[in-house]
Amino acid sequence: MELFATKNFGKPEALTIAGYKALGGFQGLDKALAMPQQAVIDEVKKASLRGRGGAGFPAGVKWGFLPKDNPKPRYLAVNADEGEPGTFKDRLLMEGDPFGFLEGTVISSYALNVHHAYVYVRGEFFKARRIVQDAVDALYKEGLLGKSVCGSGYELDVTVHPGAGAYICGEETALLESLEGKRGEPRIKPPFPAVVGAFGCPTIINNVETLAYVPWILAKGADWFAGYGIAGEGGPKLFCMSGDVKRPGLYELHSGANLRELIYEHCGGIVGDKKLLAVIPGGASSAPLTVDEIDVGMDFETLKKKGTMLGSAATMVIAEGRCVVKILARTLKFFHHESCGQCTPCREGTGWLHRLMERLEHGGEPDVIRKDMGLLFGICDNMVGNTICVLADAAVMPTKGFVNKFRGVFEAHMDGRGCPLHRDAQGHP
Ligand SMILES: Cc1cc2nc3c(=O)[nH]c(=O)nc-3n(C[C@H](O)[C@H](O)[C@H](O)COP(=O)(O)O)c2cc1C
Ligand code: SF4
């Protein structure tokens with residue numbers, strides 16, 4: 001399988017400008033700077049590049065939302081907050097090939113007539129942030145950033161900004177608040193960031209992986225990129241494979257790659273040759289697929305039709321012998337902890353669901369458990385669509401998905417004695 005965004009991984013020379021260039025870098029930038037700005041946008045639109053941060057919104061279409069007549073400066077914010085459990089692609093892109101996504105950042109900024117881009121790097125990613133800062137400093141030194149990018153007369157500054165250490169800061173409007181020095185709390189939309197974004201100015205927010213593929217679109221052409229994936233979802237794609245597979249890691253395949261092949265061919269199958277129980281295809285926010293549902297394309301539209309989502313393609317594989325109630329309890333602990341607390345349905349709902357799952361897994365008063373299980377879907381329905389951002393929906397997706405698909409397992413936990421897998425031969429917890 002040919003590699004693109006990951007082809008420089010493990011090559012130390014990719015961390016210097018000369019080395020990156022020798023490996024074929026900056027071809028996309030050279031081409032872009034010789035093109036009119038609108039032509040670059042059109043090329044990205046034609047390539048069917050879908051955003052890789054989670055929502056899968058077409059990048060070129062989003063770029064088209066920037067108002068043409070607004071005299072204010074416009075910004076590009078690179079979302080490098082990467083907080084979705086199971087996702088590790090952006091960190092590896094930044095650490096392994098920093099000039100790749102930065103080249104995409106410069107091309108995209110040029111196309112959008114942006115003169116200041118921010119790279120918002122997750123607070124805990126100390127190494128990635130240092131590598132990206134070093135790369136940005138080198139780009140300034142060599143004249144690829146600053147007053148005249150590559151002598152073109154186009155001016156661009158890039159600021160690397162540390163994240164505030166919360167999952168919610170990856171939500172695009174919370175990211176903007178954090179960038180402005182405020183608490184990372186999502187804003188009510190509309191207005192959308194493309195109209196009112198950072199510092200009240202039009203702003204485009206794109207994920208690191210999205211931008212890492214922009215140079216490839218320019219270098220190899222939109223038709224190549226569009227043809228590499230599936231209809232409407234172009235290009236190569238990164239899959240973060242984790243859990244009970246023999247060879248976990250980052251895989252670069254094509255958009256729409258088959259999930260069964262990913263697990264059994266690329267990742268070598270299940271650890272200990274156990275049977276597969278379930279797969280979480282797109283990060284903690286996605287509903288699981290059962291073993292009968294893995295002959296499926298890993299793309300945004302196909303997984304949506306299956307009642308789940310591709311998200312950030314953080315694919316977590318679960319073997320038989322694992323307790324899905326425990327997995328859901330752990331997932332809900334995360335969402336409860338990460339809720340920013342602005343919206344009552346999210347703040348209270350995530351806590352309620354979390355406590356219920358803890359009682360199921362570790363034992364509790366049977367009457368309380370039965371009552372709460374009876375209310376479960378009502379709690380979920382009151383959360384979805386009633387909040388400022390979709391973190392509440394993200395907690396509901398796996399909850400409904402696991403309970404619907406593994407109802408028997410949840411029922412076996414309802415006697416208040418905790419997980420049946422942790423009882424002794426006499427059935428005692
Ligand atoms: C709770 C929450 C957390 C998010 N975290 C991230 C993140 O860490 N990185 C990311 O790129 N997008 C994240 N997103 C999605 C962003 O809001 C946004 O859609 C994305 O950065 C847009 O980039 P793209 O169009 O290139 O995908 C998150 C969304 C939500 C609701
Ligand atoms: S849904 Fe949750 S995380 Fe999102 S703004 Fe409301 S309280 Fe905060």
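Helix 15 passes helix 17 in a left-handed crossing, meaning that the near helix is turned anticlockwise from the far one by less than a right angle. The model is a predicted one, in which local features need pLDDT of at least 70 and side-chain atom pairs count only at pLDDT 80 or more, while totals for chains, interfaces and linings use all residues. Residues are numbered from 1 along each chain as its sequence is written.

The axes of helix 15 (residues 344-362) and helix 17 (residues 391-405) come within 9 Å and cross at roughly 25°. Helices here are DSSP runs of H or I with at least four residues, and strands are runs of E with at least two, numbered from the N terminus. Helix 15 and helix 17 are therefore roughly parallel to each other, a term for angles under 35 degrees. Where they meet, Pro345, Cys346, Gly349, Thr350 and Leu353 of helix 15 face Leu391, Ala392, Ala395 and Thr399 of helix 17, with contact taken as C-beta atoms, placed from the backbone, within 7 Å.

Proline 190 sits between helix 8 (172-179) and strand 4 (203-207), and the peptide bond from lysine 189 to proline 190 is cis, with omega near -10°. The peptide bond from proline 190 to proline 191 is also cis, with omega near 5°. Most peptide bonds are trans.

Phenylalanine 199 is found in the loop between helix 8 and strand 4, and its phi is near 55°, a positive value in a residue other than glycine.

Terms used:
Chains are lettered from A and ligands numbered from 1 in the order in which they are written. Axes are lines fitted to C-alpha atoms, for helices over the stretch in contact, and angles run from 0 to 180 degrees between N-to-C directions. Angles under 35 degrees count as roughly parallel, over 145 as roughly antiparallel, 65 to 115 as roughly perpendicular and the rest as oblique. Two residues are in contact if their C-beta atoms, placed from the backbone, lie within 7 Å.
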